[in-house]
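Trainee: I'm new to this one. Could you give me a close look at how the pieces are put together?

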Amino acid sequence: MQVLDDLWIRIAVWFRGLLESFLPPWAVQLTMDVLGILLLIVLGIVVVLAFTYMERKVIARVGDRIGPNRAGPFGIFQAIADAIKMLTKEDVTPTNADRWLFLAAPIVVIIPAVLLYAVLPFGRGMVGVDLNIAVVFVVAMGGIPILTMLMAGWASNNKYALLGAFRTVAQLISYEVPMVVALLTVVLLAGTMSTVGIVEAQASFPFALVTPVAFVVYMLAGLAELNRTPFDLLEADSEIVAGYFIEYSGMKFAMFFLAEYINLFMVAGMITTLFLAGWQWPILPSWLWFLIKVVVVIFLMMWIRATFPRFRIDQMLGFAWKALVPVSLVNLFLVALVAKVLEPGWARTGVLFVSNLALLAGAIAIMAQVARKREERARAAGEAAIKRYYGSEVR
Amino acid sequence: MYGKGIAKGLWVTLKHIWGTYAKDIKKFPRRYAPGGIAKRTDYDLYGLFTLQYPEERYEMFPRFRGALMHLRNPETGEPNCTACGACERACPHGVISLEGEGKGKDRKVTAYRYDLGRCIFCRLCVESCNFNAIELSREYELSRYKKDFILELDDLLKIGDKYGIHKTGEAWGVTE
């Protein structure tokens, strides 16, 4: 079991020993670094292939369909067939488009997505760099795609692309706030900003159990950051043509697609790291635990996508500013207070868990009250309009 | 309670995900099995009932109007057609053209051209036939790779061998 647990580390050490036998030290370090980077990029592409297939299967099963089943046994080569199709398609640049910006946007969108993998702890001792400000790094790198979307929308020389980009930027900036506050809650509890440190702080209790509110807020904000249903109104595949990347085709479009799924894995990995105790938990090897948790979180996201209709733009922004931000801020104060008073242990976890559930119930109750009020107002207005139209009698 | 619909919706979709997989496992060798679609479609239950087209096909209902077919005499194996030309005269579109040889009872069809691209499947040719020689088959895969929609006598006989008179004729009230 111990062998399985640090299988990958052993392979890396063995390979480094092999290189050291015939290369100078600086060359060994360079080779290992380049190999690590290549591995992360390959992992990104494998993730895209695997999760597009999984997503299509899950969505199909919800609709009582079979899903892809033509390319290879059970359709497992469907993603590869799609990739070949994308690569061989014509690459169109619109007239009067800003050519260099148009070319740069899909390249720039994929770089931060892959960079983020550097701080993700895939297993015990398996992390690209153990940054002591990894959480800040994640937030900063997560901000770059917003710029890219504006780049893509502006460079396309298409008003719909630009409007789509504005919408996306509004959405992403709004959801950045509750996301960061939820992150801050976790940092408060762990006492460190390093992802490795956060995982180690969850040895006894995963933070999803300690602060369910932060977990839910982070999950929802993550869905919004990924532009996934129910927050996918910039794409809204059944209603409008895709937002800021409307003018992109062929490989450039595939880059946006790639970045989307790499980010999906990244957000699921961050949820796992921050709230589900990362690679911890007994019996199975640590990297396997991490993978299982990530797949479960991604399944949860696909499940949500298959279930819920999407928000309207004002509802979505309202939900971020009026619901998620206050709830996460109250939760932050709560956690700060309790973490200051009580020592880590059963008592603190219990108090936080119960108070978090109470906060969640309270928030839902307030939202229900607001919704009911709004409904009553709307009904009253409707009745008044009917009265105006028909005179005093309501038919 | 507010927000109960969220949990309810998630439960419904989850039931479909594991329900279809559970049914797959329970009735394992059914995916491409012959007659698989019949085994899958129990309408009272949920589950997959997608028709996996090239592997399995729906059998059309007896009165379905597909391509024309020629029928054989079951004893001699010869075409029933006597090349009387009634179908050619009845056809409103000039779809059919035919040639025959011999006189009286020995008259046989030698060439029969049926232009599928212009046929409107009105069945007037079948009704005009006095020798039970032609009938509309249940053949519905009528697409072609080329603009070659003219079926010769051999093609029509092949379709006739595939479908035969039995159900088709009964459905239209024709007896042999």
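Predicted model: local features only at pLDDT ≥ 70, side-chain atom pairs only at ≥ 80, totals over all residues.

Mentor: Helices and strands here are DSSP runs, numbered from the N terminus (helices H or I with at least four residues, strands E with at least two). Residues are numbered from 1 along each chain as its sequence is written, with chains lettered from A and ligands numbered from 1 in the order in which they are written.

Let's begin with chain A. Its C-alpha atoms fill a box of roughly 95 × 65 × 40 Å along the principal axes. Now find helix H2(A), residues 7-20, and H3(A): their axes come within 9 Å and cross at roughly 145 degrees (axes are lines fitted to C-alpha atoms, for helices over the stretch in contact, with angles from 0 to 180 degrees between N-to-C directions). On the H2(A) side, A:Arg16, A:Leu19 and A:Glu20 make the contact, and on the H3(A) side A:Val28, A:Thr31 and A:Met32 do (contact: C-beta atoms, placed from the backbone, within 7 Å). Sorted by class, that is three nonpolar, one polar and two charged residues (Ala, Val, Leu, Ile, Met, Phe, Trp, Tyr, Cys and Pro are nonpolar; Asp, Glu, Lys and Arg are charged; the others, Gly among them, are polar).

Follow H3(A), residues 25-62, and you'll meet helix H4(A), residues 78-88; these two axes come within 8 Å and cross at roughly 115 degrees. That makes the two helices, H3(A) and H4(A), roughly perpendicular (65 to 115 degrees; under 35 is roughly parallel, over 145 roughly antiparallel, the rest oblique). Look for A:Leu49, A:Thr52 and A:Tyr53 in H3(A), which meet A:Gln78, A:Ala79 and A:Ile80 in H4(A). Here the contact has four nonpolar residues, two polar ones and no charged ones.

Next, the place where the chains touch. Chain A and chain B put in 14 residues each. On the chain A side, H3, helix H12 (286-307) and helix H14 (346-390) each supply at least two residues. H14(A) gives the most, with four residues. Overall, that side of chain A holds ten nonpolar, one polar and three charged residues.

Zoom in on H12(A) and you'll see helix H1(B), residues 4-26, crossing at roughly 105 degrees, with the axes coming within 9 Å. H12(A) and H1(B) are therefore roughly perpendicular to each other. A:Trp303, A:Ala306 and A:Thr307 come from H12(A), and they meet B:Gly9, B:Leu10, B:Thr13 and B:Leu14 in H1(B). Of the residues in that contact, four are nonpolar, three are polar and none is charged.

Start with S2(B), residues 96-101, which pairs with S3(B), residues 108-115, in the antiparallel sense over six bridges. Pick out B:Leu98 and you'll find its bridge partner in S3(B), B:Tyr112. Move on to B:Glu101, whose bridge partner in S3(B) is B:Lys108. Six residues lie between the two strands of this hairpin, and B:Gly102 takes a positive phi near 95 degrees there.

From S3(B), step across to S5(B), residues 150-151: these strands also pair in the antiparallel sense, over two bridges. B:Asp115 stands opposite B:Ile150 in S5(B). B:Tyr114, in turn, stands opposite B:Leu151 in S5(B).

Note on methods:
Pairing = 2+ DSSP bridges. Contact = placed C-beta atoms within 7 Å.
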